[in-house]
Amino acid sequence: MHTKAFEKLASAISRGAFVLTVNARLTRHITSEYDNSMRRSGKTAWPTASVMPFSSWVAGFREEYSNVPALTGLRARALWERIVSSDPLVSEAWPSSGVGRASFEAYRLMSEYSISLPEDEIYLTEESKALKRWAGAYEAELKRLGFTGEAQVNEEAKRLIERGALIPGEVILAGFDELSPAASSIAAALERQGSLVSRWPDPLDLPPQAEAALVECEDELEEVVRAARWVRSVYRPGMKIGVIVPDLDRYRRSIIREFTAELSPAAVLPGASVTSSFNVSLGAPLAEEPLVGSALAIISIGASKTHLSELMSALSSPFFAGDEIKEIAKVDLRLREQNRTEASLAEFKALLGGQGPSKRLGEWLDWMKGAGKKQAPGAWAKAFTDLLGRVGWLKGRELSSREYQGLAAWNKALEGFSCLDDVLGKISRGEAASRLISIARETIHQVETPDSDIQVLGLLEATGLWFDHIRVIGCHECALPAEPSTNPFLPPGLQALRRVPHSTGEIELEFARIVSKRLLSSAPSVIVSWPRSSDGRELNVSPLFRGCVKAIEGEMPSSRLLDMDPAPLEDGLPDGPVPVSEPEKAALRGGTSILKNQSICPFRAFALHRLYAKALPSTELGLKPEARGTLLHEAMRLFWEEVRSSSALKEMKESGGLKAYVDGIATKALEGAQLPPPLSTRFVELERQRLSALLLEWVEIECARGVGFHVKTTELEKTLEIGGLVVKGKADRIDELDGGGEAVIDYKTGNPARRDWLTRRPMEPQLLVYSVDGRFDAVSFARVSTGGCKFLGITRHERTLPGIKQYDDDKFKVEAEGLDWDSLMLFWKETLETLAKDFLAGVCEVDPNNLPGDDRACRYCELGPLCRVSELGRRGGADEGDEESS
């Protein structure tokens, strides 16, 4: 701390002054500094310093002299929310979450800032009317229960002071940038009763303001990385470094990640136990603590079906699964492969087949049988604890220091929940779980760490602290001053009149000036940085610092492990191709997809067909795109089984039987499909109508063909050897054309591109594989998509396929640099042979077949976490598609 200011404060504490601070952090800091000063002076014992947060002193003082208990904290909020939720006049347009919190804060502000809502409600909004109604009901309920409200504590404390209650002879208000009316009235009452009241620190005791240096950064990430490297460069043992962040909640995650990587590089290693070299003042919601999140997930599961992600959140947690995670994962995979979006605990147990945690799930289900009746919160707290014990939560797990703290915080949350019996009465299991989740989400949990010389603080937490160096990050025009944020339940005019914090731009600006002045007096060296852009907005530095000089920091060396020169540990296999052995070659599976994946990215082919990598299937409500594609192929196969030619199709259409036939085909295709259980009868009917309409749309394209045809085969399986690689394929359809010749057709529901056939790495090589012998007179995709049905390919002769010119007149030949038909077939053959030979030779580098501005190869690839292509910077942008037709 600054020597002169602290010497005065320490002297006052020694003579018995009470120090009432703005927050708990400053309380701890002053107490620690005072104790250290006593030790330095040679003392071995001294009276405990009377230092505490202002709000704690007021609450304790009032409790000492009053016989009526105060309903505060969690219990007060729970009672308020019960009243809000039971109000039949609450607008349905209001979001259910946040209404109780915002309205209770408004009620607190009314007391803190002496706001009274007018009697005549004609001037009030619906929100203010609701607040007035809830406040009356809340106060009546407090009276019935025999409590004083939290909002009335300040007023009662003031009255007790005025009535002559014993008060300190000297009171120092420490770290307050400004006092609320309620706090000011208590301070004034203390003075009137003879207490000496002063503010600390005295502006006259502060050092001169430092000249801030400005640093402009490209974005928030660069800003945080620069701050971390700056800390490492300026810190010396014994120094106090402050990183002040106006919007700490926004920056918190990136600060923890980047500061850890730069200041404690070894901490990123798996299993590393490294003491953090910095402290962050802002904790995270308790619900985000992994151990607590696991407990919440377990108590939230009911007997009915649960969304699969929620069920797996409970079952796959290491705090539950333990060594049985493999069996749990197998059932998860099985459900995902069936596109199951939900399942019950009983279903999951049955699928385990007695393996893994089956016995524990049985205990869980037995517990649920007795969880149907309503109970008081205290009874539910015991029941939830019993459930966690019966299912083996934390059993056999050795907890880390952080996990022990999380467990202690969880038990404290349960304890607080148990105190709501008289407020909430009897509630259901679902209500109890929801209430506990709400408590955990709103409880800020700060993991205790050793004191550190490097502190990351918000604007208010930095009050009353001094440092050797300060760096303010995120200090742009929208953060300091912050944008006004009025409480929606109080009239804005009244908030402005009573100078409620955040209610007007003028108040925010005045507060920002006070804070910035304090920061500049809190260290001899101050750096202010801001991001040039954030969330797509161009930003300037805060107007409070625009007169300062810009600094050029230049490049600062990185200390993260990723950027260090690798130390040779042991010799490994050299990078390079890994050829396919003969035994492996005989076992290869994948057919034409091997060539397709080799073309898309050599590593993809290697991972899928040789390493047998497989992504965890995603699930979605309804049918997946691949399932719809399978349905279409099946419907097309069924359609052409009876309608074997263009003449038969024409005859059926003219007879009026086409619609009924197509409807039957759609129904039959759906009967053979494996549809996930959640799909209702109505959904299946809608899917049948969609498929029927799509088939009818495609039939119109078939009817427009200028040359008659006969369907020779559908779903024809072929085995070919290409470049030494044996591949199996299945041609969707081969037509015999009237007058001679054949056409090969491949159904697509997407948007394929013909020009892709002219590259050495075609994204869709299946048709090229089927055409490798050069015997077809037409090669075409059949794009079957609602509103976009068309043939997309090439043909030797005119009018063979609608919308496609004969090859010699097609611009495709120009794009093929004038290759004739036979030469094009030879080009395709050489292309496929090259891909096959590369695969067999073991060419497997990460080389996605992207285009400039088009990340087509990586966009839907599931192997990103394995190949880490993003680290190579080789991905493109948006897909422009291909709408060519001739």
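**Notebook: parallel sheet and salt bridges**

I looked up strand E8 (residues 241–244) and found that 4 bridges join it, in parallel, to strand E14 (residues 454–457). Ile-241 has Ile-454 as its bridge partner in E14. I note that the model is predicted, that local features need pLDDT of at least 70 and side-chain atom pairs pLDDT 80 or more, while totals for chains, interfaces and linings use all residues. Residues are numbered from 1 along each chain as its sequence is written, and side-chain values use heavy atoms, without hydrogens and water.

I then traced the open sheet of 7 strands, whose order is E9-E14-E8-E15-E16-E7-E19 with parallel pairing. Strands E9 (279–280) and E19 (549–550) are the edges; each has a single partner strand, so one side of each lacks a neighbour in the sheet. Strands pair if DSSP finds at least two bridges between them; helices (H or I, at least four residues) and strands (E, at least two) are DSSP runs, numbered from the N terminus.

I next looked up salt bridges (a side-chain nitrogen of Lys or Arg within 4 Å of a carboxyl oxygen of Asp or Glu); the structure holds 68. The side chains of Arg-610 and Glu-584 form one at 2.7 Å, N to O. Arg-610 lies in the loop between helices H24 (602–609) and H25 (625–642) and Glu-584 in helix H22 (residues 582–587), so the pair ties together parts 26 residues apart in sequence. I recorded Arg-610 as buried, at 11% relative accessible area, and Glu-584 as partly exposed, at 22%. Buried means under 20% relative accessible area, exposed over 50%, partly exposed in between (1.4 Å probe, protein chains only).
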